[in-house]
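Here's a quick briefing on the model shown below.

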Amino acid sequence: MKNCKVIEDLLPNYAEKLTSEETNQYIENHMAECKDCSEKLKIIQKEIEVDKRVDLKKESNYLKKYNKKLRIFEAIILIAIAVFIVTVGRKMLIIQCMQNKIAQYDEIDNFYRKCNYYQGDIMGTTEIYKKEDKFKSRLSDLWFCDENTRLDVREVYGNDKNENWYIIDNYNNKDKSRKTAMLNQKGSKKTMKGILGMHNFETNNFWELFIMAITSNISSESCNGKECYRISYTVFTGCPATPILWQQEHYRQIYYLERETGLPVRSIDNRDIRINHGEKEEILDYEYEFGNVTEEDMKEPDIGEYEIVK
Ligand SMILES: [Zn+2]
């Protein structure tokens, strides 16, 4: 029982299994004969056990808290993704639904569309008549400038074979009596596509539709007495080779589309056209008639009355 003091000093390290093989042998030999030291070892081992448990508990509490935070973070991300998908998806569905409704009018071969537009000091009317393979458009611009009002009228006659001829009547303010006609101009058949010539609202693939949906605000509003979707979105006009989101040139386009038919009731265009004449914003109001265009409406004027120009 002599060496108890030495053994007592070694016990903590022994309990933590830090001592060497030889030391272990020495301690174990001693304890086989010394009850006191055996008791002390048991106490030390119990203390270590308790310490370990406390440590474990601390660690698991920390992990629990960390996991909880992670789960909340994950939930927030998932909710954000879900909200994004639902809102953008809803917009894509509305846009596509309206596009499909508009497309139904592509095949209609008898219609009349009147568009009244206002922009700064210009107001005017564009009328389009379509009957079978022929079309006629009549553009009347009324200008308020230089203390004078001025009316420009231009008519275009054409057909689906892309043969157009233009009559420009009263187009030059200085010589109102001059009646001129340009014949056999290459017409832009494209502008007569469908009822609208509304290429802006078309999308060619999923990504264009997706971008339109992302940039759009859609609300339900009444316009000119009709229940409409008001769809406001960004039109990108830069180089087609540039990825759409990197394109710098863009403007906001707004359509009021009748919910039942998809037909535009009003459009608001913020392009820089005619910017030198005042306001940028151009407002266009549309009216439609179907099946009422007659042969009389499509009758071409007597060219003999016109001076032919190139
Ligand atoms: Zn002892």
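The buried residues of H3 pack against helix H1 (4-15), H2, helix H4 (206-215), strand E7 (217-223), strand E8 (226-236) and strand E9 (250-258). Packing here goes by contacts, meaning two residues whose C-beta atoms, placed from the backbone, lie within 7 Å. Helices (H or I, at least four residues) and strands (E, at least two) are DSSP runs, numbered from the N terminus. Keep in mind that this is a predicted model, where local features need pLDDT of at least 70, side-chain atom pairs count only at pLDDT 80 or more, and totals for chains, interfaces and linings use all residues. Residue numbers start from 1 along each chain as its sequence is written.

**Helix H3 itself**

- H3 covers residues 35-103, which is 69 residues, and reaches 99 Å from its first C-alpha to its last.
- That is close to the 102 Å expected at 1.5 Å a residue, where the expected span is 1.5 Å times one less than the number of residues.
- The buried residues in H3 are Cys 37, Lys 91, Ile 95, Met 98 and Ile 102.
- "Buried" takes 20 or more other C-beta atoms within 10 Å of a residue's own, "exposed" takes 12 or fewer, and "partly exposed" is in between, with C-beta atoms placed from the backbone.
- With five of its 69 residues buried, H3 lies largely in the open.

**H1 against H3**

- H1 and H3 pack at about 25°, with their axes 10 Å apart; axes are lines fitted to C-alpha atoms, for helices over the stretch in contact, and angles run from 0 to 180 degrees between N-to-C directions.
- That angle makes H1 roughly parallel to H3, on a scale where under 35 degrees is roughly parallel, over 145 roughly antiparallel, 65 to 115 roughly perpendicular and the rest oblique.
- The H1 and H3 crossing is right-handed; a crossing gets that label if the near helix is turned clockwise from the far one by less than a right angle, and is left-handed if anticlockwise.
- On the H1 side you'll find Cys 4, Ile 7, Glu 8, Leu 11, Pro 12 and Ala 15, and they meet Asp 36, Cys 37, Lys 40, Leu 41, Ile 44, Gln 45 and Ile 48 in H3.
- By class, the contact of H1 with H3 has nine nonpolar, one polar and three charged residues; Ala, Val, Leu, Ile, Met, Phe, Trp, Tyr, Cys and Pro count as nonpolar, Asp, Glu, Lys and Arg as charged, and the others, Gly among them, as polar.

**H3 against H4**

- H3 and H4 pack at about 115°, and their axes are 9 Å apart.
- That makes H3 roughly perpendicular to H4.
- The H3 and H4 crossing is right-handed.
- Val 88, Lys 91, Met 92, Ile 95 and Gln 96 in H3 meet Leu 209, Phe 210, Met 212, Ala 213 and Ile 214 in H4.
- The contact of H3 with H4 comes out as eight nonpolar residues, one polar and one charged.

- H2 (residues 21-33) has 13 residues and reaches 19 Å from first C-alpha to last, close to the 18 Å expected at 1.5 Å a residue.
- One of those 13 residues is buried, so H2 lies largely in the open.
- The axes of H1 and H2 come within 11 Å and cross at roughly 120°, so the two helices are oblique to each other.
- Their crossing is left-handed.
- Ile 7, Leu 10 and Tyr 14 in H1 meet Thr 23, Asn 24, Ile 27 and His 30 in H2.
- The residues of the contact of H1 with H2 split into four nonpolar, three polar and no charged.

**Positive phi in two loops**

- Most residues other than glycine have a negative phi.
- Lys 17, in the loop between H1 and H2, has a positive phi of about 60° although it is not a glycine.
- Lys 17 is exposed, with 7 other C-beta atoms within 10 Å.
- Asn 224, in the loop between E7 and E8, has a positive phi of about 50° and is not a glycine either.
- Asn 224 is exposed too, with 12 other C-beta atoms within 10 Å.

**A glycine in E4**

- Gly 158 is found in strand E4 (residues 148-159) and counts as buried, with 21 C-beta neighbours inside 10 Å.
- Gly 158 and Phe 135 are 23 residues apart in sequence, yet 5.4 Å apart in space, C-alpha to C-alpha.

**The whole chain**

- The chain has five helices and twelve strands.
- Buried residues make up 15% of its 310 residues.
- Among contacts between residues at least 6 apart in sequence, 48% join residues at least 24 apart.
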